[in-house]
Amino acid sequence: MLVQQIINGLTLGSVYALIALGYTMVYGIIQLINFAHGEIYMIGAYAGIISLGLLTLLGVPPSLLPVSILVSFLAAGVVSAAYGVTVERLAYRPLRQAPRLSPLISAVGVSIFLQNFVMLSQGAGDLVFPLTFPSEGISFLDARITTLQIFILAVSVLLMAALTLFINRTRMGTAMRATSQDRVMAGLVGINVDRVIAVTFAIGSLLAAVAGVLVGVYYGLVNFSIGYVAGLKAFTAAVLGGIGSVPGAMLGGVLLGLLEALGAAYISSEYKDAFAFLVLIAVLIFRPQGLMGSADASGEKV
Amino acid sequence: MLDLAGVVTTYGSIEALKGITLSVPEGGIVSLIGANGAGKSTTLMTVSGVQTPVGGEIRFRGERISGLKPHEIAARGIAHVPEGRRIFPKLSVRENLEMGAFLRSASSDDWERVFALFPVLKERLGQPGGTLSGGEQQMLAIGRALMARPSLILLDEPSLGLAPILVSKIFRMIREINREGLAVLLVEQNAKAALSLSSRAYVLETGRIVASGPSADLLSDPAVQEAYLGVKRSGEGTSA
Ligand SMILES: Nc1ncnc2c1ncn2[C@@H]1O[C@H](COP(=O)(O)OP(=O)(O)O)[C@@H](O)[C@H]1O
Ligand SMILES: [Mg+2]
């Protein structure tokens with residue numbers, strides 16, 4: 001039972017981590033909690049479903065797993081990145097010099113707008129995610145890990161490793177870190193700060209989109225409101241790890257997933273969602289800088 | 001090379017620059033002196049595009065640059081070493097220097113040139129910029145600017161907070177990089193040192209240029225001596 005809950009928790013947690021990265025990277029670079037990020041994740045799931053529908057029309061059945069996975073990831077990533085970058089351009093950039101509360105309210109507005117937009121255009125009911133993984137798995141120590149769980153873990157770990165390399169080893173990644181540490185100075189050395197911010201939104205949105213497809217496949221159902229709870233949980237994960245810290249978001253996501261799975265198994269499955277918010281409250285009270293965040297708010301954010 | 005004509009810059013309703021006109025010739029060293037709050041840093045920030053002037057015009061090599069974004073102005077060959085150095089604290093010394101060369105690919109020549117000027121940076125390459133001492137940070141800030149291979153460098157109070165021995169070292173470096181053909185616009189509260197380095201100077205007071213001319217003339221000007229060089233005139237009260 002314990003091993004099984006750990007497997008389930010890690011699976012869920014790695015998805016939280018993927019979404020949390022978008023919160024933390026955006027916060028690191030423009031100090032904004034992007035409340036519309038959960039909707040970007042939800043839109044990724046829808047884009048995945050729609051792309052699979054198109055694929056079926058073209059005569060490729062969703063059961064052709066490698067093709068449908070690749071296509072749904074690509075479609076979700078491209079669509080969500082486009083949404084994320086557009087939201088930044090239209091709803092946040094014009095408010096960059098405004099008081100800090102203004103872009104925050106703008107973000108809440110975008111979140112409500114996107115939810116309603118998807119509800120009106122795609123319907124209010126649940127959609128079935130037309131992708132199923134073979135049900136076999138590996139059994140060990142009284143527990144079972146399914147191929148889908150292995151796939152989710154592998155994709156998440158791969159993406160997080162790629163992101164870490166990108167941020168630490170490439171010119172653009174270094175420019176992102178520089179911009180998060182001193183935006184004015186970044187401009188003075190010739191970094192196009194607007195472009196770096198757009199790239200940050202694109203990457204965060206892409207990771208959320210992949211998470212949207214993974215969760216869609218995992219639970220099998222998607223609707224317009226899934227971004228709300230997922231967004232809040234991923235935000236909790238980002239705060240738990242230390243908002244602004246990339247490794248923090250990864251750690252926070254995994255810890256939150258584990259906590260939820262163990263809490264559901266050993267305390268109460270009905271209060272599963274409440275654990276996340278208890279964690280959020282506890283962190284905000286006892287360690288507002290999170291596990292890996294620096295105590296001084298002006299330090300490095302990415 | 002750099003020409004400001006009637007430049008006005010505001011912070012909200014505060015007019016920090018009230019019509020600044022000044023020029024820096026190709027390859028020259030020009031200093032801009034004045035008391036705290038006179039508008040020296042604002043002048044440099046306006047040249048490099050961090051502040052957009054609401055009046056007047058800035059030209060660089062004949063082309064209008066006022067209104068351009070900071071990265072576009074940097075791309076034209078203006079490097080800015082701002083007040084307080086603004087090293088990227090969590091980037092390593094190497095990454096700080098790489099970011100200086102963000103717009104181009106640094107050649108091994110560029111690295112050698114910076115290490116020749118500031119050998120200490122070579123020993124610190126892997127260290128986070130924020131862990132360097134004040135003097136080392138100033139060298140890193142200048143080194144980072146040089147990595148861009150600029151044709152004009154804006155230096156904002158490079159001597160601030162440094163021990164006297166380091167101050168003279170930094171000023172020697174400034175003379176040396178100028179000899180390689182780099183034009184310098186130097187902002188200093190240490191007016192005496194600045195005036196002995198530059199060929200021309202401007203004196204800024206609450207957003208206006210109140211005196212300008214060859215540095216040697218300003219050095220011997222009694223009004224400048226009293227206000228900025230700590231020389232007392234006898235038998236006179238303070239003038240506004
Ligand atoms: N970011 C800012 N916001 C508002 N006022 C500012 C800002 N920066 C400078 N000022 C004001 O503009 C004036 C000129 O400042 P500054 O250019 O920093 O002077 P200096 O560099 O000569 O000490 C001062 O009155 C200062 O208070
Ligand atoms: Mg100043």
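Helices here are DSSP runs of H or I with at least four residues, numbered from the N terminus. I jot that down before anything else, since I looked up helices in both parts of these notes. I also remind myself that this is a predicted model.

**Entry 1: the shell around ligand 1**

I began with the ligand and asked which helix gives the largest share of the shell around ligand 1. That turned out to be α1 of chain B, residues 40–47, with three residues. Next I listed the residues around ligand 1: B:Y11, B:A16, B:A35, B:N36, B:G37, B:A38, B:G39, B:K40, B:S41 and B:T42. Sorted by class, this shell holds five polar residues, four nonpolar ones and one charged one.

**Entry 2: backbone atoms and ligand oxygens**

I then went through the backbone for polar atoms beside the ligand. At B:G37, a polar backbone atom sits 2.7 Å from an oxygen atom of ligand 1. For B:K40, I found a backbone N or O atom 2.8 Å from a ligand 1 oxygen. How much of ligand 1 does the protein bury? On its own the ligand exposes 560 Å², and the protein buries 60% of that.

**Entry 3: where chain B meets chain A**

Over to the two chains. I counted 24 residues of chain B in contact with 21 residues of chain A. Together the chains bury about 2000 Å², and carbon and sulfur atoms account for 63% of it. Which three residues supply more than any other three of the area that chain B buries against chain A? They are B:F88, B:K90 and B:F102, with 32% of that area.

**Entry 4: charged and polar pairs between the chains**

I looked for salt bridges next and got three between chain B and chain A. I noted one pair by name: the side chains of B:K69 and A:D194 form a salt bridge, 3.6 Å from N to O.

Last, I checked helices on the side of chain B that touches chain A. Both α2 (70–75) and α3 (93–100) of chain B supply at least two residues each to that side. By class, the side of chain B touching chain A has 12 nonpolar, seven charged and five polar residues.

How values were computed. Residues are numbered from 1 along each chain as its sequence is written. Chains are lettered from A and ligands numbered from 1 in the order in which they are written. This is a predicted model: local features need pLDDT of at least 70, side-chain atom pairs count only at pLDDT 80 or more; totals for chains, interfaces and linings use all residues. Side-chain values use heavy atoms; hydrogens and water are left out. Contact means heavy atoms within 4.5 Å. Buried area is the accessible area (1.4 Å probe) that two parts lose on being put together, summed over both. A salt bridge is a side-chain nitrogen of Lys or Arg within 4 Å of a carboxyl oxygen of Asp or Glu. Ala, Val, Leu, Ile, Met, Phe, Trp, Tyr, Cys and Pro count as nonpolar, Asp, Glu, Lys and Arg as charged, and the others, Gly among them, as polar. A residue is near a molecule or strand if one of its heavy atoms lies within 4 Å of it. A polar contact is a pair of N or O atoms within 3.5 Å; within protein, one must be able to donate a hydrogen and the other to accept it, and residues adjacent in sequence count only if both atoms are side-chain atoms. Accessible areas come from the Shrake-Rupley method with a 1.4 Å probe; for residues, only the protein chains shown count as cover.
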